[in-house]
Amino acid sequence: ASELSSGINAEYGDQSIHTKESADTAQCFSDAHQQVMGNPAPAGTNFAAQFGHMAGGYDAQYYGYMWSEVYSDDMFQTVFKDAGVLSQEAGLKYRTSILQPGGSLDAFDMLGNMLGREPNSNAFFKAKGFTV
């Protein structure tokens with residue numbers, strides 16, 4: 001859960017900075033730390049100063065990492081876990097549902113086609129040790 005909290009903290013601070021016309025980065029990440037972690041950020045620190053994604057062109061898109069994990073966990077638990085990662089049937093399903101359409105379909109729709117249902121975050125939370 002610590003890795004999850006750290007990721008949410010980074011995402012929250014990133015969104016906080018990029019949804020303001022002007023932002024004090026140290027304060028945004030300090031506020032995020034307090035809200036997510038439940039305790040104050042270490043005094044005199046500025047998380048943004050060591051958060052390379054802030055200067056690397058991500059511009060408020062860091063949250064995408066966690067969403068990719070949500071969807072990959074859902075795909076793994078639904079399609080690959082029982083069949084096996086080297087299953088020809090599961091691999092073909094991935095190939096025809098995700099790779100073949102490429103950019104011709106919305107990614108959420110492709111994932112839904114592969115899963116046979118709308119994607120959800122249950123597998124992600126189970127993988128993180130939460131009861132769903």
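So, in what order do the elements of the chain run from the N terminus on? They go α-α-α-α-α-α, and the total is six helices and zero strands. Helices here (H or I, at least four residues) and strands (E, at least two) are DSSP runs, numbered from the N terminus.

A bit of housekeeping before we go on. This is a predicted model, where local features need pLDDT of at least 70 and side-chain atom pairs count only at pLDDT 80 or more, while totals for chains, interfaces and linings use all residues. Residues are numbered from 1 along each chain as its sequence is written, and side-chain values use heavy atoms, with hydrogens and water left out.

Okay, overall shape. Along the principal axes, the C-alpha atoms fill a box of roughly 55 × 35 × 20 Å.

How much of the chain counts as buried? The figure is 30% of the 132 residues. Buried means under 20% relative accessible area, exposed means over 50%, and partly exposed is in between, using a 1.4 Å probe and protein chains only. As for contacts (heavy atoms within 4.5 Å), take those in the chain with a separation of 6 or more: residues 24 or more positions apart account for 50% of them.

Now the inside. By a nonpolar core I mean a set of buried Ala, Val, Leu, Ile, Met, Phe, Trp, Tyr and Cys residues joined through side-chain atoms within 4.5 Å. The largest one has nine residues: Met75, Val79, Phe80, Ala90, Ile98, Met110, Leu111, Met114 and Leu115. Which elements give two or more residues to this core? Those are α3 (64-80), α4 (88-99) and α5 (107-115), and α5 gives the most, with four.

Let's pick out Leu115 from that set. Leaving aside neighbours within four places in sequence, Leu115 touches Asp74, Met75, Thr78 and Val79. Apart from this core lies another one, of seven residues, including Cys28, Ala48, Phe51 and Met54.

Have a look at α4 next. Its buried residues are Ala90, Ser97 and Ile98. Seen down the axis of α4, they fall within an arc of 80 degrees, so they line one face of the helix; the arc is that of the directions from the helix axis to the C-beta atoms. The buried residues of α4 pack against α3 and α5. On the face turned away from that buried side you'll find the exposed residues Gln88, Glu89, Arg95 and Leu99. And at the N-terminal end, Ser87 caps α4, with a side-chain oxygen 3.3 Å from the backbone nitrogen of Glu89.

On to the aromatics. There are eight aromatic pairs in the structure. Rings of Phe, Tyr and Trp (its six-membered ring) pair if their centres lie within 6.5 Å; planes under 30 degrees apart are stacked, over 60 edge-to-face, and the rest tilted.

For Phe29 and Phe47, the ring centres are 5.0 Å apart and the planes are at 50 degrees, so that pair is tilted. Phe29 lies in helix α2 (residues 25-37) and Phe47 in the loop between α2 and α3, so the pair ties together parts that are 18 residues apart in sequence. Phe29 is buried, at 3% relative accessible area, whereas Phe47 is partly exposed, at 31%. Ring pairs also bring in Phe51, linking Phe29, Phe47 and Phe51 into a cluster.

Then there's Phe124 with Phe125: centres 5.3 Å apart, planes at 70 degrees, so that pair is edge-to-face. Phe124 is buried, with a relative accessible area of 3%, and Phe125 is partly exposed, with 33%.

Last stop, two single residues. Beyond its neighbours within four places in sequence, Ala48 is in contact with Thr25, Phe29 and Met54.

His33 is in helix α2 and is buried too, with a relative accessible area of 16%. Which residues does His33 contact, leaving aside neighbours within four places in sequence? They are Asn9, Gly38, Asn39, Pro40 and Ala41.

Notes:
Polar contact = N/O pair within 3.5 Å; in protein donor to acceptor, adjacent residues only side chain to side chain.
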